[in-house]
Each structure stands twice: as C-alpha cells, then as structure tokens.
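Open the structure in your viewer and keep the selection tool ready. The tour below goes from one selection to the next.

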Amino acid sequence: MTQTVTQQKIRQGFKDAIQEESLLDCMRCGFCLPSCPTYVHTNYDETHSPRGRIALMKAVREGLIPWDDDVEHSFNVCLGCRACEPACPAGVQYGHMLESARAVVKEVKKTGIIEKTVRNVAFNHLFQDQKKLSRATNLLHYYQRTGVQKIARKIGFLSLFPEQMRGMEKILPTVPNQKDLKERGTYFSAIGETKATVAFFTGCLMDTLFTETNNSTIKFLQHAGCAVYIPKDQACCGALHAHSGEKKSAITLAKRNIEAFESLSVDFVVNNAGGCGAFLHDYPYLFEQESNWQSRAKVFQQKVTDISTILSKLEFSNFKLKAKVPVVITYQDSCHLRNVTKVISEPRKLLKSIENAYFVELDGADQCCGSAGIYNLLQSEMSMKILDDKMEKVKDTKATVVITSNPGCLLQMKLGIERSGLSSQMESMHIVDFLSDYVSFEMSE
Amino acid sequence: MKAIKLSSKILSLFKRIVGEENVQISLAQRLAYSYDATAMYQSMPEAVVSPRNTKEVVEIVRLCNSQKIPIVPRGSGTNLAAGTVPTFGGIVLLFKNMNRILELDEENLTLTVQPGVITKDLIEHVEKFGLFYPPDPSSMKISTIGGNINENSGGLRGLKYGVTRDYVSGLEVVLPNGDVVRTGGKLAKDVAGYDLTSLFVGSEGTLGIVTEATLSLVPLPEYKETMIAYYDSLEHAAETVSQIIASKIIPTTLEFMDQATIEVVEDFAKIGLPTDVEAILLIEQDGPQSIVQQEMQQMEKICQQNRARKVILASNQEEAEELRTARRAALSALARKSPTTILEDATVPRSKIAEMVREIGKIASKYNVKICTFGHAGDGNLHPTCLTDARNHDEMERVEQAFAEIFQVSIELGGTITGEHGVGEMKAPYLEWKLGREGIEVMKKIKDSIDPYHLFNPGKIFAKSTKKRVVVESDTNSHTAKDQARV
Ligand SMILES: Cc1cc2nc3c(=O)[nH]c(=O)nc-3n(C[C@H](O)[C@H](O)[C@H](O)COP(=O)(O)OP(=O)(O)OC[C@H]3O[C@@H](n4cnc5c(N)ncnc54)[C@H](O)[C@@H]3O)c2cc1C
Ligand code: SF4
Ligand code: SF4
C-alpha cells in the first residue's frame with residue numbers, strides 16, 4: 001500500500017518503539033472486549049476495542065495499512081483507562097503500547113494533541129457561540145485572578161473542560177489562596193508513635209485546586225503515625241504529558257521526581273490522586289532505554305502508595321471512624337488506581353469501616369467515568385455518553401455522596417451530578433475530604 | 001474464487017438497506033474484522049455490514065447473491081478455527097443490532113433470542129427466573145449465541161448437560177437464495193421431515209444465516225458443589241477421570257489442567273493454585289443437595305484412591321466461581337508464554353482420556369515442541385496447546401507434524417479432530433481423515449444444493465486439498481505460507 005512520508009515515518013516509529021513481542025502477546029481471544037467502555041458504548045465496534053486497537057498497531061507496524069485518520073480516530077477514542085489490562089489473561093501491556101504509539105504519532109506530526117484540541121475547541125466551538133464564549137471568558141478571568149492560569153496552561157488543564165461548558169463554573173472548586181500554599185511547611189511529625197516515615201507527593205493539580213484535600217491528607221497521615229516530608233523540588237508527575245504523546249517532557253519530570261524523593265530515603269511515597277500514583281508507579285517503563293534510571297525508578301516504584309492503602313496498612317480504622325450523620329455513600333474507582341496500581345479493596349474497606357455510613361457498591365464502578373485526563377474535552381461526545389450512563393447507575397445506589405480518589409474523576413462526577421440535575425441531593429467528594437468533613441475519629445493525642 | 005472490489009454503487013445499495021451508519025468501509029474498520037481468535041489467519045473484508053432485522057438480512061443476501069459477493073457471518077470473532085476470517089473478501093455480516101432477547105416462555109420452558117445476544121447475558125437472564133441454559137463455553141462473556149449455535153459449542157457443564165445442539169429447538173434461517181426457513185419450534189417432540197435444526201447447528205455459517213433461535217431451558221439445579229484435586233502425576237489425574245465416569249457418576253464439570261497451564265493461570269488469577277503439581281482436576285456437581293453431597297464424597301474418594309495430593313472443597317460460591325474463572329482463562333493465559341499459541345481440540349471417548357494424555361506427551365517430545373494440555377476431560381475433549389513462534393519456520397513445521405499425529409492418534413482411539421471448536425479454515429485439510437471421502441461427498445452435496453455459488457463463508461469446512469495422513473510435507477497449504485500470501 002502506498003504511504004505518505006508521514007505515514008512511513010509513523011510506521012518506522014512503531015517499529016522502533018513498539019516491540020513485536022508485545023503485540024504478539026495478544027492472542028485475540030477477546031476477553032478484554034466487555035471491559036472496554038468504548039467498545040460497549042459504540043455498540044460493540046471492534047475498531048474501538050482493545051483487541052482491535054492492538055491489531056491496528058500491529059497492522060500499521062507491519063505496513064499492512066497506513067496510519068490514516070480512521071486509525072487515528074480509533075486511538076483518539078481510546079480512554080486510556082486500561083481496564084483492558086486486568087481483564088487480559090495473556091498479560092498484554094496495552095497501556096504502554098498505547099503510550100508509545102501516541103508518542104510516535106506526536107513526534108512525527110509535531111502538533112500536540114492538546115494544542116490541536118484547544119484550538120479546535122476555541123475555533124469550532126467557543127467562537128461560534130456567543131454565550132459559550134462569554135462563559136469561557138469569565139472562566140479565563142477567574143483563572144487570571146487566581147494565578148492558577150500559569151500552571152493550568154502548563155499541564156493542559158484547560159483540557160479538563162468538557163466541550164459543553166454547561167455547569168462548569170459550578171463544579172470548579174474555590175481556588176485557594178496561593179500564599180497559604182507557599183507557607184506550608186516541608187516536614188510534619190507523626191502524632192503519637194512514629195510508625196512510618198513518608199514523603200507526600202502533592203501533585204500539581206491537587207495542590208493548586210485541591211489544597212484543602214492535600215492539607216487533610218497530611219493531617220490524616222500524621223494521625224496514622226507518619227512522619228511526613230514534602231519535598232519542595234517535586235514536579236508534576238508527567239501523566240498528562242505522556243498520555244497526550246509528550247513522552248520526552250514526561251521523562252524529564254520523572255527524573256526530577258525520582259531525584260527529589262530518593263534523597264529522602266522514606267518508607268513510602270504517598271499520593272492521593274489515582275492518576276498520578278499510577279504514573280509514578282509506572283516510571284520504570286519510561287526508562288526502557290536508560291537502565292541506570294530504570295533501576296532508580298524501580299526503587300521509587302516500590303515506595304509509591306496511595307492514601308487509602310497506607311491508611312489501611314497503618315490500621316487507621318482503629319480510630320473508631322463514625323459519620324457525624326447517617327449517610328449513604330458509594331465509590332467510583334479511579335481507573336488507573338484500579339487497573340494499574342491494583343488498589344481496589346483498600347478504599348472500600350476503609351469506607352465500609354465507618355460507622356453510620358452505609359456503603360453501596362456502584363454497579364460498574366470499575367468502568368471509566370469518561371473523564372480520563374484530557375479525554376472529556378477531546379472526545380466530549382463519547383465522554384458524555386459514558387458519563388450519562390454512569391449517572392444512571394449512580395442514581396440507583398441512592399447515595400448522597402459519591403466518593404472518588406482522583407481529581408479528574410472528581411470533577412467529572414461533579415459534572416455528572418450537575419448534568420443530571422441531582423445537585424440538590426448528591427455531592428461528589430475526594431475520599432480524604434469525605435473523611436475530613438463527614439467523619440469523626442477518636443484520635444490519639 | 002478471487003476477492004472482488006465492491007463498487008460504490010453496490011456500497012450505496014448496502015447503505016440503502018441497513019442505513020449509512022451500518023456499513024463500514026474504512027481501512028481501520030476492515031482491518032478490525034480481518035481476524036478472529038485463531039493464530040496466524042488474517043484477511044480483510046471489503047465492507048462490514050450490520051443489519052437490524054431479518055428483512056434486511058434477506059435483502060443483503062439477495063444483493064450478494066446477484067453480485068456473487070461472499071458473506072462471512074460473524075458473532076464476536078472468538079472462534080478458534082479461523083471461522084470468521086474473510087479469506088475470500090466479501091462482506092462481514094455483524095449482528096450487533098440484532099441482540100435482543102425476544103421472549104421467555106415459562107410455560108414451554110423456551111427462550112427466543114436474536115443471534116447477537118451475548119451468551120452470558122442470556123444465561124443470567126433465564127437464571128433470574130429459576131431457569132437454566134447449560135451450554136457455557138469459556139468464552140461466554142464475549143461469545144454470541146449465533147456463534148455458539150454455528151460452532152455447536154460446548155462448555156464446562158457439557159459432561160452432564162450436553163452441548164449447544166441439545167438446547168436448540170427452533171431456528172429462523174436465511175438461505176443463500178434469500179428464502180427464510182423456520183425450523184422446529186417450542187416443541188419437545190417434532191419429527192416432521194428431516195431434522196433441519198440439527199443441520200444448521202454447527203454449520204459454521206456455511207449453509208444459512210441464523211436470524212432467530214428458540215432455545216430450550218431446564219429448571220435451575222437447586223444446589224451445587226465445587227472441588228479441586230491436585231495431582232503429582234498427570235496419569236493419576238487422567239485415571240481419576242475414567243474411574244469417575246466408570247463408577248456411574250456424571251458430574252456437571254470435570255476439567256483438567258496440566259502443570260504449565262496451572263502456572264500461567266495462577267500468574268493471571270492469583271488465587272493460590274499450587275504451581276508444583278503436575279495436574280489439577282476441577283470437579284463440580286449440581287442437583288438436589290443430598291445427592292450432590294453424596295456423589296461429591298464418592299468422587300473425592302476416587303481422587304484419593306488415585307493418589308491425589310490434596311482435594312479441596314470450595315467453601316462458598318465466590319470461591320467456586322474463582323476456580324471456574326481461572327479455568328476459563330487457561331487458553332488466553334497460555335499466550336503469556338510464547339509469541340504464538342496454537343490450540344487443538346482433539347476428542348476421544350472418555351475411557352481413553354489417560355491414553356490420549358500419554359500420547360500427547362510422547363508426541364511433544366518426539367517432535368521437540370512444547371505442548372500444554374487442559375480441557376474438558378470428562379467429555380474426552382482435550383485442548384493440547386502448542387506454545388511456539390510463528391516466525392520460526394523450522395519449529396512451525398514440527399508443530400504441524402505433531403498436531404497431525406495427534407489427530408491421527410485421536411482418530412485411532414475412536415476420537416475426532418475437533419470436539420467443539422469447529423473445522424473452519426484451520427482444520428479443513430484434516431476433515432476427510434475423520435469423515436472419509438464418502439462423508440465429505442455427502443456434505444459437499446448438501447452444500448452445493450443449498451449454496452451453489454459458495455457465497456456463505458467460503459473457504460471454511462471444505463478444503464482445497466486434504467492433508468496426507470501424518471506424513472506431512474511443507475506444502476503451499478501450510479498456515480504460515482497462507483498467512484503471508486493473503487495478508
Ligand atoms: C479463550 C477462549 C475460550 C473458548 N472456550 C470455548 C469452550 O469452552 N467451548 C467451545 O465450544 N468453544 C470455546 N471457544 C471458541 C468460541 O468462543 C466459540 O466457538 C463461540 O461459540 C464463538 O462465538 P462467537 O460469537 O465469537 O462466534 P464467531 O467466532 O464470530 O463465529 C463462529 C462461527 O459462527 C458463524 N456465525 C456467527 N454468527 C452467525 C449467525 N448469526 N448465522 C450464521 N453463522 C454465524 C461464523 O461464521 C463462524 O463460522 C473459546 C474461544 C476462546 C477465545
Ligand atoms: S488483549 Fe488480551 S484479552 Fe484482549 S484479545 Fe488480546 S489477549 Fe485477549
Ligand atoms: S484503555 Fe480503556 S478505552 Fe482504551 S482500549 Fe483499553 S479498555 Fe478500551
């Protein structure tokens with residue numbers, strides 16, 4: 001098949017970046033199909049399934065078909081939620097292949113996906129609709145005022161906005177005072193006996209938009225018996241970069257973080273954002289070409305722990321957790337916390353241990369909410385389809401609090417609550433905020 | 001027959017029949033329907049067409065008939081015999097828009113469904129009403145009932161309850177000339193004419209397109225127990241199987257996995273299976289509680305007598321389900337071990353299972369290939385699976401020789417070349433070994449009279465040439481050569 005220069009370059013890039021062995025790991029059994037939200041939501045379209053996407057990567061690599069717009073579309077629609085991985089008995093590492101493929105395409109095509117999207121949203125959506133535009137401008141002012149803008153731009157935060165700006169203002173948290181943030185200390189001692197020494201990975205988004213959540217996280221860690229360090233020179237984890245094909249910047253950030261944390265020689269590196277945690281956990285895969293860094297990344301990986309895991313390790317529930325008022329709660333998994341870091345039972349156990357809180361398992365909690373980092377902007381139609389479907393199931397739980405462990409999911413669930421008109425009877429909270437706002441403890445002094 | 005290009009005029013006719021959104025023609029879409037779960041087979045269709053009802057199927061078939069366009073019906077593409085690979089191009093026909101459960105008739109104990117219904121959804125649906133649809137292929141979470149019917153699939157419960165055929169009581173089928181036939185019905189008995197239902201069951205999409213099926217159901221057993229037995233010797237496990245059957249107990253499930261299979265399954269499922277045993281038997285019984293308990297005890301005793309290292313009874317249904325899920329993952333899990341996994345489906349009379357296991361071992365070492373075995377031991381249905389690398393041509397030749405010999409041996413033991421996966425394209429060259437020339441002739445006559453232009457799933461079941469027995473040379477039919485030529 002004749003291919004353009006770009007297509008040839010992409011093919012060559014695939015040959016260099018994606019190992020044939022990894023592709024051959026897929027025996028095409030289809031066991032992953034039912035777990036893939038895009039397969040299910042496209043009415044079982046194999047083009048939008050993990051098995052299909054792996055076959056597409058393989059075919060492009062072999063030159064059977066060129067990388068064209070339709071192939072690209074299939075990969076744009078992929079949430080990157082990695083639900084296909086735990087479902088795969090053959091152990092196919094889909095997520096890493098996807099990342100490599102995206103990096104190759106980005107490298108060859110130069111324009112970043114984020115960039116293209118933002119432009120697309122600006123030109124095709126905002127500027128065509130006066131109302132939308134004025135809302136967006138309000139938002140922009142809002143950002144300029146709060147100073148989040150710079151960081152937001154850097155990490156492509158804009159892209160967390162769904163195409164329909166509807167309800168967006170309502171779901172955004174009050175942006176904290178940046179001065180407070182700067183004045184936070186770098187060390188907090190354990191309250192009571194010191195059971196572990198940890199470093200806290202604050203996360204760029206978490207720290208700017210969800211400062212309170214981070215402060216509460218530190219507080220709970222202290223109470224659970226942790227001496228907590230907060231390395232000043234830590235950086236953004238790099239997940240958003242890698243997921244949108246900016247693998248090189250991701251590697252730079254990873255190196256900074258490994259350096260910042262390894263000097264502290266702590267027992268755990270704690271995070272409270274599922275997406276970041278999974279990416280920190282996956283650092284070794286970024287260094288396939290740099291063995292020295294890879295071994296450092298592996299040491300780092302061993303220490304990466306999410307907040308609910310460490311709280312359950314240190315038996316936090318012994319503090320007689322009790323909801324201040326009786327409350328029905330449910331939990332939406334963060335895809336990467338579940339599928340990559342394999343943290344499934346810990347947050348549930350923690351929540352179930354709370355007296356007065358009635359935990360209802362959300363049907364399909366293991367399926368992506370459609371937020372998926374920058375996805376809800378890139379593929380807003382699919383994202384909203386997934387979200388609306390999710391909200392139907394959330395409604396069935398009759399919960400008044402929907403708990404999540406990742407900022408992206410949190411915003412998406414908030415949006416879902418707005419969209420389905422449930423905001424008077426339901427709210428969405430990060431697990432740490434829920435513990436902080438709703439739950440009382442018999443804490444040690 | 002050569003692959004033909006569909007003109008834009010024909011494509012627009014397809015679109016007129018099923019609607020724009022149900023005709024897919026991009027390269028990406030065609031590639032995504034160029035394969036199934038069979039290693040090393042791939043070929044692209046010209047278009048993927050998804051009808052919404054029987055009438056549309058009829059119109060598509062008529063159009064294809066007039067233009068001589070091949071039709072490959074496809075469920076979820078999980079078959080293991082290259083049964084849905086569009087080797088001769090044409091269109092792939094999907095049933096994603098025909099996936100409704102139409103009627104549960106609790107008085108006649110039947111369920112009427114469209115072909116695209118996922119097997120597991122159907123099973124769960126009837127269980128809500130205290131009814132039971134037993135055929136449960138390991139792929140049931142993904143496979144469609146249309147695929148099950150056309151492969152006559154078996155499952156973990158086949159030993160006691162039989163296979164798909166035993167539960168299909170009526171079909172609506174579109175023939176290659178566009179006629180719609182309805183066979184059978186909600187009847188417990190029916191001898192009006194030839195048994196056409198049975199003819200279409202297992203016909204692998206080569207005779208008709210199933211557009212509706214009526215399935216018979218049985219009452220859901222009240223009680224079920226599950227146990228697992230570990231063996232230090234493969235043969236003792238196989239011996240246990242023969243003895244259980246000989247002692248006049250028919251368990252629901254009697255599954256077998258060898259050491260290499262256990263290892264990969266444990267790697268995936270992480271449920272604490274020992275990886276240092278040579279074999280595992282998964283045994284289940286259902287029915288009235290007292291009888292189940294008594295028979296489980298009897299079977300446990302037989303395991304012990306055959307020197308099982310340990311026999312463990314699952315303490316609850318979750319544990320039992322974990323064990324079944326682990327077993328179902330066996331084939332895919334084996335793919336962890338090597339770039340290419342080729343699995344076979346040799347089946348022998350139950351009493352010969354120990355002998356067959358022994359033979360497979362001998363053949364593997366004779367040809368110096370790695371073969372792991374698991375399967376529905378109680379049915380005499382084994383899945384010797386070869387872990388290999390399609391890029392290693394020398395090894396592939398030995399693999400092919402080894403499988404040819406396995407087929408040969410199983411036929412000699414009174415068995416068959418495929419117990420449940422079907423013939424497809426993969427086993428077509430061996431079919432005559434089992435059926436003889438006369439058997440093939442009868443089948444050809446049936447095929448020619450129903451589908452004279454061979455438009456329904458061409459290249460399947462009927463081989464261009466039959467393999468010579470056991471003495472295998474590397475002819476142009478070898479999978480690898482084919483693979484490269486067609487892709
Ligand atoms: C991991 C794994 C485990 C498996 N375990 C088992 C098992 O335990 N037992 C077993 O028997 N099989 C098993 N299989 C094989 C396979 O899943 C079955 O053959 C299944 O029935 C195929 O269903 P499908 O919907 O994927 O059909 P497909 O693979 O899409 O099609 C199968 C055949 O049916 C034809 N077809 C499909 N729909 C129609 C229709 N409506 N009208 C006419 N023809 C049609 C196709 O042309 C093809 O010939 C397994 C496969 C895998 C990958
Ligand atoms: S990715 Fe895994 S589960 Fe999916 S088809 Fe491939 S081997 Fe099967
Ligand atoms: S990452 Fe998620 S959306 Fe993408 S193929 Fe896997 S399951 Fe589907």
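Select ligand 2 and its shell: by class, the shell has 9 nonpolar, 1 polar and 2 charged residues. Here Ala, Val, Leu, Ile, Met, Phe, Trp, Tyr, Cys and Pro count as nonpolar, Asp, Glu, Lys and Arg as charged, and the others, Gly among them, as polar. The residues around ligand 2 include Cys26(A), Cys29(A), Cys32(A) and Cys88(A), and Arg28(A) and Arg51(A) also belong to them. A residue is near a molecule if one of its heavy atoms lies within 4 Å of it.

Two notes on the model apply throughout. This is a predicted model, in which local features need pLDDT of at least 70 and side-chain atom pairs count only at pLDDT 80 or more, while totals for chains, interfaces and linings use all residues. Residues are numbered from 1 along each chain as its sequence is written, chains are lettered from A and ligands numbered from 1 in the order in which they are written, and side-chain values use heavy atoms, with hydrogens and water left out.

Next, select ligand 3. It is surrounded by 13 residues, and the closest are Cys36(A), Arg53(A), Cys78(A), Cys81(A) and Cys84(A). Helix 3 (37–41) and helix 4 (50–62) of chain A are the elements that give two or more residues to this shell. Helices (H or I, at least four residues) and strands (E, at least two) are DSSP runs, numbered from the N terminus. The shell around ligand 3 divides into 9 nonpolar, 2 polar and 2 charged residues.

Now move to ligand 1. Which residues come nearest to ligand 1? Of the 38 around it, they are Pro73(B), Gly75(B), Thr78(B), Ser139(B) and Thr144(B). The site is shared between chains, because residues from chains A and B surround ligand 1. By class, this shell has 11 nonpolar, 23 polar and 4 charged residues. Helix 5 of chain B gives the largest share, 5 residues.

Last, select the open sheet of 5 strands in chain A, which has the order 1-3-2-4-5 and mixed pairing. Two strands pair if DSSP finds at least two bridges between them. The edge strands, strand 1 (187–188) and strand 5 (304–306) of chain A, each pair on one side only. Strand 1 pairs with strand 3 (residues 226–229) of chain A in the antiparallel sense over 2 bridges. In strand 3 of chain A, Tyr229(A) is the bridge partner of Tyr187(A).
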